[in-house]
Amino acid sequence: MATCPPYPTHVHRHTHWWQRAWVRYGALITLLALSGLVILALVREQTGTQGFLVGLGLAVLPVPLLIAAFRWLDRVDPGPWRNLLFCFAWGACAAALIAIVANSFATRWIATATADPASADTLGATVIAPVVEESAKAAAVLLVFLFRRRDFTGIVDGVVVAGVTATGFAFTENILYLGTAFGTDQLTGDSGIASVTAATFFVRVVMSPFAHPLFTVLTGIGFGIAALSTGRHRLRRALLPLAGLLLAMGMHALWNGSAAFGEYGFFAVYAAFMVPSFGLLTWLVIWTRQRELGTVRAELPAYVMAGWLTPAEPYALGSMRARRIARQYARRHAGKEGARAVARYEACATSVAFLRRRGRRGRAGADFAVRERALLDALWHLRDLARPALEHAARATAPPPVPVPPWAYPYGGTHGAYGTHGAYGLRAASGPHAPQVPYATQAPHYPYVPPYQPYAPPGPHWP
């Protein structure tokens, strides 16, 4: 932990116009908007207006479910919505445009060079498309990793960023495939279950809506592990994202090439490879999320000792069920404002816990003290609304006390089922010399936080 720095933390420096935030945001939004307009025109040209509208209506169906699933995985320490919006827009616009242009150019070049269009299509689907598409999607993960480093702290963040990017890419790709299938049905007169549109919808939206997210999540895991590595392991930090990208390309190539394995090749790859991989990665992400909750429970007691938190809060903040109960309690007693305050308090406390863990591992950075103090200040100003709700949630989710029979107290104790010693056989301290619990709400000013050395190795004296 840290005290307020004795020197100013904000130094005014002259910056060039291209280094200003609004210039960079404006350039990024312009790039994505232009990419969206171009990809819209290309897809509409290939599918027609009616096919585009049909494809759009069908392709949008799995998007809310996938976004909700990734947001659920990120609930322990949720990242800002602007990152997810950027990732989805990049996947749907920029990455899709790169893929369409590069795949078409490469396929035509191979067909011209080999004079074999059929082989060119197969080679383009199994070799060119995986490399181009996964590289285009990985660019969004790289940008968030480089320019939103504070929001990219581990495996879960990598999975969420990569998954949302791939969801946007799959959305645009599904519009193209479904719109083209609808145009084919219009020419042949097919309709209903026997139509090409129904078959395409079943394969791409019902059976494999997670295909593209599953591929790109491997890249996100590589970046997430790199985010957990210390600055001394630069080679590892460079090779892990590359390894994840290569795995994503390999899985994508296997998926695209499954049709070449015979009549039932698609179903064989789906059952023997895709479904087990999806289950394994889902387990990995959920296990990582449980470890994050364990980090919250392990790191926050240090702030209880300093008086910033109450003793019940680390338990409540380390349980998703207790967090939900706290927000519900605040909504009942303080309305939507109270629920938002509790959610903000939970987010700040979780960020403090993760920041402290990175500090103990030597990865907090030079601005550790400033960031920690800002988060603690935010907790302090939200405490009046959040603490009653969190203490209620801790009581509601705490395990019931174990009854102690009267014969367990041979020296007396007849007040109730637990004697005079309380529910757990411990006599409550009283008197002028009794230790006082350092509740922050009882202090007339901020609690004193002893200096923290983020790069000192932990020892037996560590709180």
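This report describes the fold, the pockets and the cavity of a predicted protein model.

## Basis of the model

Because the model is predicted, local features need pLDDT of at least 70 and side-chain atom pairs count only at pLDDT 80 or more, whereas totals for chains, interfaces and linings use all residues. Residues are numbered from 1 along each chain as its sequence is written, and side-chain values use heavy atoms, with hydrogens and water left out.

## Overall fold

The protein has 13 helices and 0 strands, where helices (H or I, at least four residues) and strands (E, at least two) are DSSP runs numbered from the N terminus. Of its 463 residues, 44% are buried, that is, under 20% relative accessible area with a 1.4 Å probe and protein chains only. Among contacts (heavy atoms within 4.5 Å) between residues at least 6 apart in sequence, 76% join residues at least 24 apart.

## The largest pocket

A pocket is an open set of points on a 1 Å grid over the protein atoms alone, where a 1.4 Å probe fits, with protein on both sides within 12 Å along at least five of seven lines; its lining residues have an atom within 4 Å of a point. The largest pocket holds about 1200 Å³ of space, a volume being the space filled by probe spheres set on the points. Its lining comprises 42 residues, and those closest to its centre are Glu 133, Glu 173, Tyr 177, Arg 204 and Asn 256.

Helices H1 (21-59) and H4 (117-147) are among the elements that each supply at least two lining residues, while H5 gives the largest share, 10 residues. By class, this lining has 21 nonpolar, 17 polar and 4 charged residues; Ala, Val, Leu, Ile, Met, Phe, Trp, Tyr, Cys and Pro count as nonpolar, Asp, Glu, Lys and Arg as charged, and the others, Gly among them, as polar.

## The second largest pocket

The second largest pocket has a volume of about 840 Å³, and of the 32 residues that line it, Asp 151, Arg 344, Ala 347, Ser 351 and Leu 375 are the closest to its centre. Two or more lining residues come from each of helix H12 (320-360) and helix H13 (368-397), with H12 providing the largest share, 12 residues. This lining divides into 14 nonpolar, 5 polar and 13 charged residues.

## The cavity

A search of the whole structure finds 1 cavity of 30 Å³ or more, a cavity being a set of points where the 1.4 Å probe fits but cannot get out. The largest cavity contains about 80 Å³ of space, and its lining includes Arg 71, Asp 74, Asp 151 and Asp 157. H5 (155-188) gives the most to this lining, with 3 residues.

Conventions
Buried < 20%, exposed > 50% of the residue type's maximum accessible area, 1.4 Å probe, protein only.
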